[in-house]
Every structure is written in structure tokens, then in C-alpha cells.
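Keep the structure open as you read.

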Amino acid sequence: SELLGGGNGGGGGGTNGTQTGDAGGGEATTVTWGFDATVAQDHADEISTALHEEGGLADDVEVQFEQGQPDTGERRANYNRLLNAGEATPDMFMMDNGWVNIFIQRGQIQNLSELLSDEQLTTIDEEYFSGFTETAIDPESGDLFGVPLYPDYPTMLYRKDLVEAAGYSPEENNWATEPITWEEWSNVAADTYDNADVEYGFTTQWDIYEGTACCTFNEVMSSWGGAYFGGRDNLFGPVGERPITVNSEPVIQSLNMMRKFVHDEDFENLQGYGGGFTTSNILGWIEDGSLAPFTNGNAIFHRNWPYAINAAASEFGDDLGTMPIPYAVPENEAQFQGTGGTTSALGGWHITANPNSQNLDAVAQVIDASMQEEFQLFLLETEGWLPPRSELFNSETAANVDPMGNYMNTLQVAGENTMARPVTAVWSDESSAIAEQANAAVNQDLSSADAMAQLESTLENIEG
Amino acid sequence: MATPDRRDDRVEPDETEGGPLERWTQRAMQNPERVYRALFYVVMIFFMVTTLFPFYWLLVLALTPQSRLLQGSFLPQIDLFGAAAEFPLPVAKGFNPAAFVSVFEQVPFHLFMLNSFALAVTTTVIVLVIASLAGYAFGRLDFPGRGALMLGILAISYFPPAAFVIPLFEAFTGNVPITIPFTEIPLFTPPRLLNTPGSMVIPFSALFLPLSIFILTTFYAQIPDGLEDAARVEGTTRIGALFRVIIPLSAPGVATAAILTFIAVYNEYFFSTIMATSFAAGNWSPLVGGILSYQTQYTTQFNLMAAASIVGVLPVVLLVVVAQERIVSGLTAGALKE
Amino acid sequence: MARLKLEHVTKRYEDVTAVDDMNLDIDDGEFVCLVGPSGCGKSTTMEMVAGLTTPSGGTVTIGDRDVTNLPPKDRGVAMVFQNIALFPHMDVYDNISFGLRLRDYPREEIDRRVEHAADIVQLEGMLDRMPDEMSGGQRQRVAIARAIVREPDVFLMDEPLANLDAKLRVHMRTELQRLHKELDTTIIYVTHDQAEAMTMADRIAVLDAGKLQQIDPPLVCYNEPANLFVAGFIGSPSMNFVDGTVTESGLESEYFDLEFDHAAFQGVGVGDAVTIGVRPEDVYPASEAASLASGSRPIEVITDVLEPMGDEIFTYLLMGEGETSMAQEAATNDQLLMSIDPNTDITEDQEMDVVLDRRNVHLFDAASGQALTHGIVSPPDADGAAGSPAETDD
Amino acid sequence: MARLKLEHVTKRYEDVTAVDDMNLDIDDGEFVCLVGPSGCGKSTTMEMVAGLTTPSGGTVTIGDRDVTNLPPKDRGVAMVFQNIALFPHMDVYDNISFGLRLRDYPREEIDRRVEHAADIVQLEGMLDRMPDEMSGGQRQRVAIARAIVREPDVFLMDEPLANLDAKLRVHMRTELQRLHKELDTTIIYVTHDQAEAMTMADRIAVLDAGKLQQIDPPLVCYNEPANLFVAGFIGSPSMNFVDGTVTESGLESEYFDLEFDHAAFQGVGVGDAVTIGVRPEDVYPASEAASLASGSRPIEVITDVLEPMGDEIFTYLLMGEGETSMAQEAATNDQLLMSIDPNTDITEDQEMDVVLDRRNVHLFDAASGQALTHGIVSPPDADGAAGSPAETDD
Amino acid sequence: MTPEPATESGRESRRTGPLVTLTRRVENLSDTQYAYLLLSPVFVLLGIVALYPLLRTFELSLFETSINQASQTFVGFDNYVELFTGEKDRWLPGTSTFLPTSLTFDAMISSALVVTLLFAVVAVSFETVIGLGQALVLDQDFPGRRWVRAAIIIPWAVPIVIQGMIFFLMFHPEIGFLVQPLADLGLLAERNTLNDPASALFIITVADIWKTSAFMALLILAGLQSIDRNLYDVAKVAGATRWQQFKLITFPLILPTIGIAVLFRTVQAMRIYGLIDAVAGCEVVPSLSCMVVTTFLTRQGTSAAIAFVTAAIIGVAVTAIIYQQYKEGI
Ligand SMILES: Nc1ncnc2c1ncn2[C@@H]1O[C@H](COP(=O)(O)OP(=O)(O)OP(=O)(O)O)[C@@H](O)[C@H]1O
Ligand SMILES: Nc1ncnc2c1ncn2[C@@H]1O[C@H](COP(=O)(O)OP(=O)(O)OP(=O)(O)O)[C@@H](O)[C@H]1O
Ligand SMILES: [Mg+2]
Ligand SMILES: [Mg+2]
């Protein structure tokens, strides 16, 4: 309902009418869509067909995919340039939820509350993961600027066989859907590590890069009830007016916990924790670096995005287990609002539209097609892209997708406990400082408290 | 080493006493040229090893299957008389030459190569022509403002490429007119060049021009006046003398400027990736764009990138081998008596 | 095919004036040799004619055109460079045909001309050699061939035969002369070989320190040098010079007197300090040419060094008590050089008297160096041919 | 300071043999001039002595050391290069002092020597000029100075005076001779200037097509050339050659006979085809030297071209009905070149008789070109000095 | 003209037409006019492609982007001033600064200015020496020279991304086989190597030397090959040893080429970015160009100002080099 409050709902309907008229003209319209590089390269035709067949896109609208840069930062820069220069193509984009907000702020993308039909807006409002949709909404006006295409959030992957060999029973304890605490988990990890002939007990990503700031550190910190800016409500600003809370107990504790995992360093509050089962290599790892040992059978636990489930399942089949990311502090005990409990950092992509496009009507049609459940399931099947709406997780189709179908339950739990990165205009400046300090702390360059104190002052500087 | 040497001694007992090393030293002292030669080969091999080792590493990466790439040591354990030891050289983990095929299957890599090749050739030609004229002016003519102009041209290269890109990008979209800086007064609307070779060749030419100008200036300045004089008396214009005598005689310099420009453009990434708005070969995305296509959001196919870069480097190697034929010494030998 | 005029042409480098107010008027088809000591400005003059150096002042005219600012290619000149300047990246054929190819001559014509030129310079079999595979003389011949294949209005040749052996040089000389006749081209020719200058030139232009000293037919330069410099420069070995004074009775010098009737010559007065000049071949042993004896004091000398040259012997003579010294480049005041027949019976350290052929004794103003008279025999008629004062320095 | 020996030295390039089995034995302190036509291998020989070119075969010895494979720097030679080759990045001072600086001479010593050398080559004021600011002759002088500042065992000079004017050349000659005396160095000197070779050399080595033809003192080469080639090459203008046959009564040629007693000479037999050689200065107008007349048929000629040279006149004479032609490089069979005194009264196209000085008429084997006799006057005693057959070709 | 076509001038005069007239006119220009004519293509090209964008960028540098990046405000030279007062440091990647905040090692190595200068000096020095060595080797005649030449030159042919990848993987925490041996030598930090500023800078410097020595070698080789071989003959006969030939002939004659190589390499080195990005990241090894690129997207005014400051710093460095060379008499 908030979306509809945008005020131009009627216009949306009108647009729909015009659109039909256009289609009646018999002229085929080609819509260019700035899309994922790999997928556009490998499956452009399939997806285009699916849009028509599964999404019911009219035949006179053709979709042409234009591959964006694989690196999300470069893609952002590219779209920024194109929009800045008033380019009319691509007509629509696939944008990282991590930076849609900035395009909104700059007024560079099409207000979809004006373009889409009420019906569509309602669907999004009611059926989509709201935490995810939020990253495509202008916090000030509440207007919608992006339609979620697929969310992306991590789970904890693990080797069921090894854990079971160490005497644990994941099935019985419902690890797949019931989050466990870091303490419990770390003991499982440490035990299994001692027991199994593997190099690593746990692999994750902790390099100095965006992924640490947005995700791995964010998750651990949130699961301890910590937050960068005082809680969920302040994620998207307002910059300068929100508290900076990195130098707080939960955040420091979460870093100490990572230190314990890596160096088996002693901390008072972490006495009961297992430690020393992971490697300082995580300090230089991003996704693929940390995934490789896991798929090669050299690690027990592994934190990664859903794509990793595909990769690992093909190696281990049923021996692969997933669980929501463990937590340290339950939601109700969390120091900062909206944190605590299992937390998965939120990634994923939205569909946005180019306001300069000559084919906005056709764009709306394509968006409509992409919102069809059949199409979303098709994406889950072919690309492993999770549907943006919760209910599809329970669908039969979803369950039949191999191998993802086996893990939909974990994914659904994780999807309901996501934490977006605090994207604002200054996020990129902040994230590099965050990653740097988080890395330094876990590298024992300085104490976690000192690292966070430094980070605090840096962030204060940035927020002004 | 030691054993066969002693046998040598037995075979030729009349040779001077002492081991081969001593004999070598003996001869070396008589003929320092030998020492020099030996030293030379040592240095040469050192350079070869240090420059080629990373390529070997690249090959190891290319041949290792993607799945095993980021896990496990590249230094195999070898059995050394019972004791396990680490082999000091990285060796491919597995043998997967198919990477060199996948490179072309996953993306039309040859098209990216062609793009870069075409861009590089065009730019090189333009740069050489313009820089030759400028090099002639700077190297062989005396005129007021020479030093200042050279410094000015050099100053272009002080700027990070980012300083040029936004205004150029805007201009090349052809959407908005070019305005006089610091004002809103429009001058003209340039043609749309995005995703065409023009949007790349033009900035490349400008950005790689200073180096070539400086190289050619130096080399043209070294050609004795006498030869230009001779050509002019024979009936060439000054430009004729430039192309018929000075450039051929500066071949090492020209070839070097050409190689440097070619390679720089062939591997250029910053501008081309901006002027080609997507990583599509059809948009004139360059070689590096192709190589980067083996990255996806979360994974990097290092083996394919390695294979692709080996493939991509080959034309350059050929070019260098061919072009260096021009880098021959003694071009002016026998020309002058002075 | 073109008259060549240099008017007040000057070339200054930073600290040197290489050519100083040069005036030259060379007729269409004339063959002028430029001679002068090393560094006197010969090459610079040539370069200004060719258009390779811009004069600091003055004008150059070829034919009717003021070419002072015309580029070389439009001047219709061909040049043999002193430094040869072959194109090192071209073989002999390409070097020679360069100018023709520039002018798009038909292939056969080029072949014909190149072959002909190679023939003249005797390089027939070497057309595909590269310059660095040739000897110095061969390179020089290529340079000559490169100039002569063209048929320009003006030929400029800067010591074109310097690196050739005597025989080849004689051959080349003849060929160049024939070419000159055939094409009727104007030729400026720099040479250090006096024989070359004497035999080839219509006129010789003598330069010193950038200044034109005399331009006249060879024998006039030889027999009637305009000044001391020309007298000393032309002729090898050099003219003997002895300081003297004009007296009532004749000429007096430190070691000898000469019969001289100053009254018969304009511009010479009693008491004038003069330089007496006489060429080695005009010095004779008194025993062999008693008829030439003149003057009250005979010239008593002791032979010093003898230099047998094959067809003549250079005999260095010491006058007075001068110390016996080594042969020197020019006879100084107490030394005389005599050139005699190789069959003459003469030894070193021999005392003898010598006489001068007064018909060929020159007088120069000691201060200015200007010639006063050539021959000091009083003419039968007051103003005879032999004794006319020098008025040739136009 | 060193004896220099070349033994069987050969240098082959791809298609040319530049030097062919050369044997030279040059004494310590000797001054040898290397002469020969362009491209005969003079520079190549020098380069092999210097160590710049490796011989294809043979050995080079300097002093007692076999230096064939020694690098140039260890050979103790200094060289003036035919192509001058100044260092373009050094001024005159640095160019001249180069060799001294290499050897770390003390500063003052270098200064002293450079100044002295600059003095000798008359470049005193130019020490800070760069090579490209100098004239051709000046550059050559720098090259000479660069060689003479050092005091090497062997001097190699490849046409060091080619670009100098006559006066300077005479000066330089004297200086080089003095230097030679002072330092007592072995000198090999290439020159195309016969006067230079004649006056400076202890011995002249004549090369042709890579082969040594004769090595002898200058006058021996001039007066007793070992073969036709040397006879024709030494002496300028060249010796006249006429084909002839030995008859019972003397020598017979197409246009004249000469008195000759073949019996008095070894190695000459009746019926032998010979080449008669006589130098221009040994040809006289019959009217002036009747005493030399000999033979039954006088030599009747018509004067063709006259080339006045200042101190002599070259007169081209046509024998028989030969067409009047232009002056040619060498007298051909029906042509004679006569050198006469400039005072002789002679005109073109004048019929006259000439005589040869038989003391200086040479006979060569027509087939092999080897000299048979120098002088065809029967000696008073059977084996006189003038008429000894050539045995000089060692 | 008289109808005597045999002569050259006859031939010349037959050539007419606008082109001939034009060339004739061009040939008659004075040196100065001619020089400017020849330079006009450069002026046009650089004017359009370099000067115009630079002016625009300069214009941009006088504006600053608002915190929410929605608008630009004119701030005059504030961007420049703030860069030096340290206020801009907050927009720089991670905790890096422009000027060092103190004289400690840590502060120095997080200063983009210091890192850039340090890198440039060390890398260019090594590259010059190694490049010269390589060029001297390549200048020799030996069997297989063309292949050795190609081998030594190809590092230059490797794209920076790949260069980065090669070295990144050599020092990768899991598979990097060089970390341990070099750490044993005390050259590198043993763990988290690529995130250790000193280690990363070391690796980047080595990587750069590996690649761009070839650039030096190629240029210097060309200089070597252009030397008139006769001069060596003269020097040899004068008694020069190999070293003396090098010192007195080779070196002075290639000095101009070395000068150019050093000049351009310094400029390139001081603009280093891609390699850093590929191997370690700008947070770890900040450079001037890093700062331009990282602020490029979000704060164009700052980015533009840094670009100009970078150019100015390079200009100062280059001027110093040119002055040095001038003093040495080039
Ligand atoms: N690099 C080379 N390759 C092939 N032939 C050569 C080479 N150098 C010299 N020659 C040939 O060797 C012969 C001897 O050359 P050299 O330079 O010794 O002659 P030269 O006697 O010095 O002649 P000049 O008086 O003309 O200088 C010549 O025929 C020349 O063409
Ligand atoms: N570029 C220059 N800079 C300064 N002085 C020069 C330059 N070129 C020539 N000169 C000087 O000008 C004078 C004349 O030089 P030029 O070359 O005309 O002499 P030349 O008569 O040809 O002498 P040579 O017979 O030695 O070749 C010389 O003194 C020379 O040093
Ligand atoms: Mg000259
Ligand atoms: Mg020679």
C-alpha cells in the first residue's frame, strides 16, 4: 500500500492502455536489457524465450540482452555513465541491490511507481521479500524504483558425512531450518576438524573487499546483535544523523570470535567456543578462493551464496548439508534494533528502467513478464537464481529443481532473516574502511577494540 | 660433473695437469674474451629465466582444471631417495589443454582479439604518421617554442586517464553539444561514436602520441643532416626526405615506437571498456574485455583467463619477432665520410 | 643551362663568418673551380647554391630566378657531397637512381641512365652492393654517379675525386669534362688538386677565410695572381717569397739584388716595401741558365733537402747562413725552393749560385699583399703583355 | 717501435676477395705507403692490421707477437680512418684526447699533447667546436690529431690528407715525417697522391685487386716498375705504352722503331711481343733533343690537346693517322703523352717529330706484364745500373 | 621554358597542378612556419582529445558533489585545499591518506603520495638498470637472438589484468608458492601477505619491474642499435676496453633514449593503478591514481582535483628529471 501511495497509480494504468495500442501497431519493439554478463552470454536465447513462453510477453516485444561488466563496481560505473550522459539504451537494467539506492538518490532511474500498474505494485508489495524490495525503494518518497529479480543470500554449507562421523546428527537437530548458536557450531567445527582429515574446519571470505563489509562481517556482527549504524532502521540513512556503533561490544565480540576461529586466541567471553579450526587464508579469500577447498573436500563448513550449493552438491550429493548462518545473540536480546539471530547478508539484483528509454511501455511489459512465477521458477532452474517471493520456495517446482530443491528450506529461512548492507551515497567509502579494519583485526594487527575505535573515527569522518 | 671430467683427463693425459675448471681458468686468463662470453651467457640465461618464469606459471595455470586451481599446492611432492621433498617449480595440477578450446567456446575470444588487433593497428598507423611529422619538426627543425611545446605535449601524459574520460564519453555519445569549458555556450554536437572504433582510436591516438613523439624526435634528430641534404638536392621535399631517408634510417626507433604503441593499445582496457558500453565483441570490446568475460559475479576462471592471455599474447610475440627485424644495427654505416 | 649569380652572399655561424660578402657571376655552361684552404667556405658556398643552407644575407640567382628562398628540389642542381652522403639503406642502383625515381622517369630510362653512369664511374658490376660493403673510393664514385645520372642545370661537386687514385681521377676528370661539354651544364667544382683545377676549370675562384680573392682562368691565376694569397696558394709547391725593397737601381733583398726598372711599372715607387715572388720552376742553377743572370749580387745558396719526385726534383736552398733545416712547407725568407730536371747533377749540401727567371718574378705590396707586377723585365714597349700590372681582381 | 709482418693474409667477403694472400714485412720504424686503385684492398689491409677485421686466413705479427686474434686495443696501433669517424657527441678536444683519457694520462699531460697536436694540424682555436660545426678538411685534421696524440707502435693512416688543400697537405706531410722521425714509429700510409707517396715513403707497396704487386723504395717503383700494372699506376700522368716486337735490329712498333740490342739483355729474345713503356717526361720534341734520336723510323706525331699545368704542359700526341680525339686518361696505342716545359713554343695540331729517352724506356712482357728491362740503351759494361733487368719483385 | 625537354628543369616545369603548387608553397615556408604546420595534426588531435576534456575536468574540479550525490556545488579551489589539509582523506580508499599524517612507517605507507613516489623511484631505478642490462644483452650477436629478444620483450605484451593475476596467484594465500620462500628471507609477511601494505607494495614493485623492464629494454635497444658502428672501430683502435667503449661511446649516445625511457616510465609509474587493483587493492597500497579512480564515481569534483594534483606532482618529478638530464648535458 505504501507503494501505491506514490500517487501516480492512475498514470500507471494509463500507460498500460497505451502499451496495448502500441502493440497493436504491429511494429516489433526491441527492448535492450543490461544483464548479467555470463547469463547474457550463455543463455540469452533461452531467457528471451522464457520471457515469452513462461512470462507471457507479447510477441511484438523483443528482448535483447546486453552483458554488463562482471564486476559489480564496474557495472555500476558503466550504468552511471550511460544514465548521466542521457543514453536511451539500454532500456532497462539489472542492478545490484547494493547500489540501486544511489541511482535513486541521484534521480537517474525511472520511478516504477509511475510506470507499473497498480496490480503489479500490489503484487510486489504483498508477495515479495519485503527486506529485499526495500533496497529498491526511495526511503523519502516511498516510491518503487526497482523490481526485485532475484535475491541472493548465503547459507552455511557443510559436509554432513564428516559431521556425522564426528558424532553429530544434523538431521535430528534440524540444522537445515533451525539456526544454532556460534558456540555450538564452533564446537562442532572444532570437533569435526580434529576428527576428520581435512585442511580446514571452516572457510569463508574475509579479504579486504566489499564482500567482507557488506556481508561476512555484517552477518557475524548482526548475529551478535551488533550494527554499523545503530540498527536496521538506519541502514539507508540519513547519513550524518545516525549513530555510528561499530565500536560497541557486540561488534568487537564478533571480531574476537573470528579471531578465536582462526588463531584459537583466548577471550574471556568466548571460553566455551571452539577455535583454531580455520585458516588465516580467509584473510585473503573472496568467494572462489574459499569455495575451492570446500568443493575439493578439504573443508567442513563453508559460508557462501546459493551458487555454491550447485557447485558443492555436484561434488558431494547428499553429503552436502546447509544451515542458516549461526548466531550468538537471539533477536530479542540484540543490542541494536533489528539485529540478532541468524543473519544472512542480502545481495541480489533488481530490474530498473532507463528514464530516457523510448520504449518504456515495452519495458513495463518485460517487467511484467519477469514477475510471472513461472519465469521466476525458470530462473531458479536454469541459473539458480532464487525467486524474490517467499511462497515460491515451497512450490513443487522449486522442490524439484536439482540440486537446489533439496535446500529450499534452508534458503527460505535464510531469506527471511536477511540483513541488507547499509547502502547510502557514502557506502563505498565506508565499506572499504570497514573491510580494512575487519581484516586487520582478524589478522591480529591490532585488538578488535582498537580496530573498531579507528573504524569509528573513520566513519564519523565520512558521515560528517 | 666431477666424474666425467676425470675421465677426460685419462683420455688426454698429455693435457696440462689440473681439472677442467683450472684449464678453463687458464684459457680464460689468456683470452678474456672467453670470460666475457661466459658471463654474457650467464646474464642472458638469468634474464630469460626471470622474464619467462611468469609465463610458465601462466601455462601451469591454464593447464590446471578450474576445479583444482585454487586449492592445493602447485609444488608437487617428490620422492627424493626416500625423503619426501617439495619440487621447487610449480607444476600443473592435472592436464587440461581443453582450456585453450573453452576459451573460444565460452566467448568469441577471437573476435575480441580481432577488435584489439584492428584498434591497435589503426592507432599505431595514425600515431606513427602524426608523431613522425611532429618528431621531424621537433628533432630536425629549430623554431621558437620548441621546448615549451614538447613539455606541453609531455604534460598530457601526466594526467591519469580518468581525467579525460568523462568529457570524452559525453562527447562521444553525441547526445549533447560540446560547450566551451566554463560556460554553457554550445559549440557543436559531435557525431555519436560510442561502441565504434572511432571512440577508442581517437583517444588512444592522443594518449599514446606523446611517447611516440618523444621517441621519434630523439631518433630523427640523430640522423646526420648530410643524408637529408642529399635527398633534398636529389629532389625530395622535406617531407619526402623524412619518409624516404630519415624514417628508414630510424627504423629501430620507428619499430620501437610502433611496438610500444601497438602493445599498449592491444592491451588497453580503461578507455575501451568505457567506450564499449558492454562486454560484447560487437561493441568493439577489446581483448582484455574478452579475458575479463571469464569472470562471473562470484567466480573467476583463472585457467581460462590464463589460457586466453597466452593466446592473446601470441600475435604480439609474432609482431615483435617480425618488427624487431627492423631493429637492426648499423643502419647508417657507410653513409657518410665525416 | 643556367647562369648562376651570388650577390653579396654572406653566411655567419655563431662565431664564424663562413662566407663573407661573396659575389660570383658564373656564366651558363661555365666550369668554375672553387679552391681555397680548408675551412675557407667552399662547402658553405655550395650549400647555399644548393639551397641547403640559407644565406645570412645576399641573394642567389640561378637562370633568371632568385632562388635564395627556393627549396633545393626546385633549383635544378645536382651535388656531389664532400661527405659523400650515400643513402645507407639503398643499394648502389637505388642510390644512383634516387633522383630519377623521384621524378618518375620510366623504368627503362632509369636503367639506361644508371648503367651509363655506373659505366662512367667504373662500377658496372656493383649495382646491387650496399654502401657499407664498398671501399671509400667506390662510395665516392657512387656519389658521383648519383649526381651525373640527372641532367641538372647546375652541377655542384665538392671534392668529388678526393678518394680516387690518380689513374681513376684522370679518367673521371675526362669524363666530367665530356659530360660538361655534352650537357653544357654550369659546374662548380671544389678541389684541392691543383692539376684538376688547372685542367678542368674555365675559371678558378680562389677563396680565403670566406672572401673571394680572385676569379680568373687558371693560367691567369697561376701567372698573374691578384695577391700574395693567391700567389702562394696556387701552384704546388708554393711560390717562393722574399721580402725586398724597391731601390733606384732595382730590387734589394737580404741576400740578393735584382735588376728592376721601377719607372717602367705603374704603382711601384722607390723605397716601397715589396714581397718578391718566384715559383720553384723559375729558379735555375746559374750554371744551367747563365743567360738569366741579373742583378749585382748573385744568389748564393747551399742545397738543403732534395726531394726527388720522379719527373722533377724539389731542391730546398738555403740563402745566407741559414741553418740547415728540414724541408718545410713553404720557402721562408731565407729559403728558396727550386724545381729541377731529375737528370740534373746535384747533391745535398752543395754550394751553388742560382738565378731567377725575371719574366716570371712577381712583386706584391708587402703591406696589402696586392700584386704590383707580374714579371720585372722592362717591356720592350712601355706597356707590354708580360709586364702589365695586375688588374684582374674584379 | 715494432716490426709488422703480414703472412699469407687473405680477406674474403661473400663475393669478393678484398685481400689475397698478402705478404708484407715492414721494418721497425719504416714508413710504407700503400697505393693502388680504388677498391684494391688497402683499407681492408689496414683494418686487419688494426684488428678491426679478422683475416679469413694468414697471420699478422706486430713486434714478436702474433696478433691475428688480439683485440685492437692490445695491438698498440693508432689509425686515421678513411671515413674520418669523429665522435659526434664530443668536441674537438674530447675527440683528440680520447685515446689519452682511456689510458688515464694526467690532465696536464693530456692538455699539453692535445694542444701540441692541434697545433700541428692547425686547429688551435677550435678545440671546443663540435664535429658538425666544422668543414670537411677540419674534421679530417681532427682525425689526424686524434691519432697522433698517442704514441703507438704502429700508425695506420688511410688517406689522411685527402680533404686538405695543397698547402696544408705539404705542411702535414712535413709534420708527419717529423713525427715519424721523432717517434720512430712504423707507419702504413694509404694515399692516392703520388707526390705524397714519393716524398714520404721509405717503401711503396703497390696493390692491385687484393694482390701485392711490388714493394720497393719510391724511385725504384718509379724507375724500375716490376710490371705493367705498377708502371702504369705509379707516375702521373701515366706512362705511355706502345705494343712492339723485338727484332734482330731493335724494337719495332706500328709507328716507329727503336734501336735496341736484345743480346745485351737477358730474357729478351727476337720475336718476343713486348710492351714498350715510356713516361711523358721522357718524350721530347726532336727539335729540342736531337741527341736522343735513335731508330730508323722517327716518331712522327701531330699534337692534339695541350694541357698547360703551370709548370709544365701535357701534350697529347697522335701517331699515325689516329683521329683527333679528346684528351684521354692514358695514352693508347696510337697516342703519346709528352710533358714539356711551359716555355716551349708549341701549338695544337702541329706536326712534329718526337724522340724518346732510351735510358728510360721500359720493356714488359706483353703476355705476363712482367718487366723485362728498364732502359734499352746497351750498357757500357754488360750489366750496368740503368739496364739491369727487373728483379725487384720480391 | 624553351622546348628542350631533356633537362630536368624541363621535366620539373611540366609538373603542375594544385598539388605541386601546394608542395612548393609548403617547401618555401620558414623553419618556424613549417614546424608549426607539421605540428598542426598534433595540436588538433590533442586539442580535441586532451585539452578539451582536461579543461572540462578542471571545471569539474571546482565543484563538489553533495553528500547524497544528487547535486554539485561550486566550491572554488576548496577541493584542492582540502586535499592538502587532509579533509579529503575520508573519501580515499580505506584508511589511506593523501599526505602522511605522521612520520611513522604505517602512516607513510598509507599515504598515497609517499607510496606513489616510493614506488616510482624504486621501480624506475630497477627497471632502468635491468632494462639497460637486457638491452645490452640483446644488442649482442648470438644464435637465436631474435627469440631471446622476443622472450625478453613479451612481459610488456601482457595486459595489466593478467600481470596482476599472475602475481596475485603467485602470492595467493592458498596456492601461492612464493609466499613461504620469500617470507623465509624476511621479504614478505608470512600471512595475509597481499593485505600487508609493505609486502603488497614489494610484490607490486616486483611485478612492475618484471613487466616494464621490457619497455626500457626495447627503447634502449633501439638507441643502441642506432649507434654508428664505425665509432666502435675508432674507439677500439684507440685502445678502449669494453667498459670504456660503453662509458665513453655507448652510454653518452644512448643517454637521450634512456632519458626518454626514464621520463615516460616515471610518468607511467606515478600513475600506477591497474596493477594495484589487480594484486592488492587500493586500501592496501594507495597510489595517487587509486585515489582518482576510487573517488571517480562518487565525488567527481574531488576526483578531478586529485587528477590535477597528481598531474602537478608528476610534472614536478618530471621537471626534476629533465633538469637533471639537462645538467648532464643532453
Ligand atoms: N663489407 C664488405 N662486404 C663486401 N665487400 C666489401 C666489404 N668491404 C669491402 N669490400 C670490398 O673489398 C674490396 C676492398 O675494399 P677496401 O676498402 O679495402 O678498398 P680500398 O683499397 O681501401 O679502396 P679505396 O681506395 O676506394 O678506399 C672492395 O672491392 C670492396 O668493394
Ligand atoms: N654548423 C656550423 N657551425 C659553426 N661553424 C661552421 C659550421 N659549418 C661550417 N662552419 C665553419 O665555417 C667555415 C667554412 O666551412 P666550409 O665547410 O664551407 O669549409 P670548406 O671550405 O668546405 O673547407 P674544407 O675544404 O675543409 O671542406 C669553417 O671554418 C667551419 O668551421
Ligand atoms: Mg668543404
Ligand atoms: Mg679505402
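Ligand 2 sits between chains C and D. Before going further, please note that this is a predicted model, in which local features need pLDDT of at least 70, side-chain atom pairs count only at pLDDT 80 or more, and totals for chains, interfaces and linings use all residues. Residues are numbered from 1 along each chain as its sequence is written, chains are lettered from A and ligands numbered from 1 in the order in which they are written, and side-chain values use heavy atoms, with hydrogens and water left out.

Which residues come nearest to ligand 2? Of the 21 residues around it (those with a heavy atom within 4 Å), the nearest are S43(C), T44(C), R129(D), S135(D) and G137(D). Two helices, α1 (42-50) of chain C and α4 (136-148) of chain D, each supply at least two residues of this shell; helices here are DSSP runs of H or I with at least four residues, numbered from the N terminus. By type, the shell holds 5 nonpolar, 11 polar and 5 charged residues, where Ala, Val, Leu, Ile, Met, Phe, Trp, Tyr, Cys and Pro count as nonpolar, Asp, Glu, Lys and Arg as charged, and the others, Gly among them, as polar.

Now look at the oxygen atoms of ligand 2. One lies 2.4 Å from an N or O atom in the side chain of T44(C), and a backbone N or O atom of G39(C) is 2.7 Å from an oxygen of the ligand. From chain D, S135(D) places a polar side-chain atom 2.6 Å from a ligand oxygen. Taken alone, ligand 2 exposes 630 Å², and the protein buries 90% of that (accessible areas by the Shrake-Rupley method with a 1.4 Å probe).

On to the cysteines. A disulfide is a covalent bond between the sulfur atoms of two cysteines, assigned here when the sulfurs are within 2.5 Å. The whole structure has 2 disulfides over all chains. In one, the sulfur atoms of C214(A) and C215(A) are 2.1 Å apart, and the link is left-handed, with -90° about the S-S bond. C215(A) is buried at 1% relative accessible area (buried means under 20%, with a 1.4 Å probe and protein chains only).

The other joins C282(E) and C290(E), with sulfurs 2.0 Å apart. C290(E) is buried, at 0% relative accessibility.

Terms used
A polar contact is a pair of N or O atoms within 3.5 Å; within protein, one must be able to donate a hydrogen and the other to accept it, and residues adjacent in sequence count only if both atoms are side-chain atoms. Buried means under 20% relative accessible area, exposed over 50%, partly exposed in between (1.4 Å probe, protein chains only).
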